[in-house]
Amino acid sequence: MYSLRTICTAAAVLLASVVVNAAPLPFPGVPTHHVRPGSVFMAKPMHFDPPLPEHLTNSGARNHPVVALDQPDRQGYVPVAVVSHQHGNHVTYVHHDDMHHVSSDSVLPHHLSHQEISNLHRTLGGRQG
């Protein structure tokens, strides 16, 4: 026969394991249904494909704003334009799991207007990578 203390301890361990396994990841990626053209997200340059030469070192670990140019492909990769004065006019891809929503206290918009999206596509001119 088990003591009441042993049973309570086992129950507490079991409950803690259920809670830990059910807890969400600390910074979950963006679900695919949230990604639409013109949505603004944050992503680390180390997750850009193709990688940007200036971020192949530790500087690639800081989040940068990106604008989704289209829906995710079948593998979950989203074509994005990097929002920065240093990156030039080119398109990179970021997996939706590596993108995060813009925080509510940020000065960044959460979505571009239709005119801004059209201007961005025109500026990029269909260039890839």
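Q: Which residue in E3 stands opposite Ala-68?
A: Strands of a sheet pair through backbone hydrogen bonds, and the pairing is either parallel or antiparallel. Here Ala-68 stands opposite Val-80 in E3. This is a predicted model, in which local features need pLDDT of at least 70, side-chain atom pairs count only at pLDDT 80 or more, and totals for chains, interfaces and linings use all residues. Residues are numbered from 1 along each chain as its sequence is written, and side-chain values use heavy atoms, with hydrogens and water left out.

Q: How many helices and strands does the protein have?
A: Helices (H or I, at least four residues) and strands (E, at least two) are DSSP runs, numbered from the N terminus. The protein has two helices and five strands, and from the N terminus on its elements run α-β-β-β-β-β-α.

Q: In what order do the five strands of the open sheet lie?
A: Two strands count as paired if DSSP finds at least two bridges between them. The order is E4-E3-E2-E1-E5, and the pairing is antiparallel. E4 and E5 (99-101) are the edge strands, each pairing on one side only. From one strand to the next, the twist averages 50°; for such angles, axes are lines fitted to C-alpha atoms (for helices over the stretch in contact), and the angles run from 0 to 180 degrees between N-to-C directions.

Q: How many bridges join E1 to E2?
A: Strand E1 (residues 40-43) is joined to E2 by four bridges, and the two run antiparallel. One example is Met-42, whose bridge partner in E2 is Pro-65. E2 also pairs with strand E3 (residues 77-82), in the antiparallel sense, over three bridges; there, the partner of Val-66 is Val-82. E3 in turn pairs with E4 over five bridges, again antiparallel, and Val-78 has Val-94 in E4 as its bridge partner.

Q: Why is strand E2 described as largely enclosed?
A: Buried means under 20% relative accessible area, exposed over 50%, and partly exposed in between (1.4 Å probe, protein chains only). Five of the five residues of E2 (residues 64-68) are buried, so the strand is largely enclosed by the rest of the structure. In a regular strand the side chains alternate between the two faces of the sheet. Both faces of E2 are covered: His-64, Val-66 and Ala-68 are buried on one side, Pro-65 and Val-67 on the other.

Q: Which residues have the most contacts inside the largest nonpolar core?
A: Nonpolar side chains tend to be buried together in soluble globular proteins. A nonpolar core is a set of buried Ala, Val, Leu, Ile, Met, Phe, Trp, Tyr and Cys residues joined through side-chain atoms within 4.5 Å. The largest one here has 13 residues, and Val-35, Phe-41, Phe-48, Val-66 and Met-99 have the most contacts inside it. E1, E2 and E3 each supply at least two residues of this core, and E3 gives the most, with three residues. Another core lies apart from it and has eleven residues, among them Leu-69, Ala-81, Leu-112 and Leu-124.

Q: What is Phe-41 in contact with, leaving aside its neighbours within four places in sequence?
A: Contact means heavy atoms within 4.5 Å. With those neighbours left aside, the contacts of Phe-41 include Val-30, Val-35, Pro-65, Val-66, Met-99 and Val-102.

Q: Does Thr-92 count as buried or exposed?
A: Thr-92 has 0% relative accessibility and therefore counts as buried. Its place is in strand E4 (residues 91-95), which is mostly covered, with four of its five residues buried. Leaving aside neighbours within four places in sequence, Thr-92 is in contact with residues including Phe-48, Pro-50, Leu-52, Val-78 and Val-80.

Q: Which residues of helix H2 are buried?
A: An α-helix has 3.6 residues a turn, so residues three or four places apart point the same way. In H2 (residues 114-124), Ile-117, Leu-120 and Leu-124 are buried. They cover an arc of only 60° around the axis, which puts them on the same side of H2; the arc is that of the directions from the helix axis to the C-beta atoms. His-114 and Arg-122, on the other side of H2, are exposed. The buried residues of H2 pack against E2, E3 and E4. Just after H2, Gly-125 takes a positive phi of about 55°.
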